[in-house]
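I opened this notebook to record what I looked up in one structure. The entries follow in the order of my reading.

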Amino acid sequence: MAYGTLFRMRLRADVSEERLRAHFERWQTALGPRFPGTALDTLLRVDGAEREYIALHLFASRAAYDAMDGDAEQDGWYRELVALLEAAPQFTDVDEVWRAG
């Protein structure tokens with residue numbers, strides 16, 4: 001089963017959803033290939049909560065997830081993400097126990 005992280009974030013008022021989406025797309029094209037084992041990446045807008053988003057990033061295994069730890073380019077991407085937000089994201093690491101077919 002997959003392992004990864006779920007994080008909630010709130011965009012700054014001067015940052016568009018398109019800019020946030022582009023930042024996540026950049027991870028997919030620039031960093032994703034460096035970290036094999038990605039099982040699912042999704043960005044969700046919280047219904048009824050202006051500028052609130054949840055991202056879910058699952059890897060095929062805990063080892064695949066841990067491969068990002070300490071990577072300088074990943075850290076740079078994260079620092080750029082934080083600059084788009086009102087505050088640092090709230091992270092919850094998750095271990096998948098069930099998934100529909």
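The entries below treat the sheet, the helices and the pocket.

**Basis.** I worked from a predicted model, in which local features need pLDDT of at least 70, side-chain atom pairs count only at pLDDT 80 or more, and totals for chains, interfaces and linings use all residues. Residues are numbered from 1 along each chain as its sequence is written, and side-chain values use heavy atoms, with hydrogens and water left out.

**Sheet.** I looked up the strand order and found an open sheet of four strands, β2-β3-β1-β4, with antiparallel pairing. Strands are DSSP runs of E with at least two residues, helices are runs of H or I with at least four, and both are numbered from the N terminus; two strands pair if DSSP finds at least two bridges between them. β2 (38-45) and β4 (90-95) stand at the edges with a single partner strand each, so one side of each lacks a neighbour in the sheet. From one strand to the next the twist averages 15 degrees.

**Strand pairs.** I then went through the bridges.
- β1 (residues 3-10) and β3 (residues 52-59) run antiparallel and are joined by eight bridges; Tyr3 stands opposite Phe59 in β3.
- β1 and β4, also antiparallel, are joined by six bridges.
- Thr5 has His57 as its bridge partner in β3 and Asp93 as its bridge partner in β4.
- Seven bridges join the antiparallel β2 and β3, and Arg45 has Tyr53 as its bridge partner in β3.
- The hairpin of β2 and β3 has six residues between the strands, and Gly48 there takes a positive phi near 80 degrees.

**Helix packing.** I noted α1 against α3: they pack at an angle of about 175 degrees, with their axes 11 Å apart. Axes are lines fitted to C-alpha atoms, for helices over the stretch in contact, and angles run from 0 to 180 degrees between N-to-C directions. That makes α1 roughly antiparallel to α3, a term for angles over 145 degrees. The contact (heavy atoms within 4.5 Å) includes Leu20, Phe24 and Trp27 of α1 and Gln74, Trp77 and Leu81 of α3. Its residues divide into six nonpolar, two polar and three charged. Here Ala, Val, Leu, Ile, Met, Phe, Trp, Tyr, Cys and Pro count as nonpolar, Asp, Glu, Lys and Arg as charged, and the others, Gly among them, as polar.

**Pocket.** Which residues lie nearest the centre of the largest pocket? I found Thr5, His57, Met68, Gln74 and Trp77, among 26 lining residues. A pocket is an open set of points on a 1 Å grid over the protein atoms alone, where a 1.4 Å probe fits, with protein on both sides within 12 Å along at least five of seven lines; lining residues have an atom within 4 Å of a point. The lining divides into twelve nonpolar, six polar and eight charged residues.

How values were computed:
Parallel < 35°, antiparallel > 145°, perpendicular 65-115°, else oblique.
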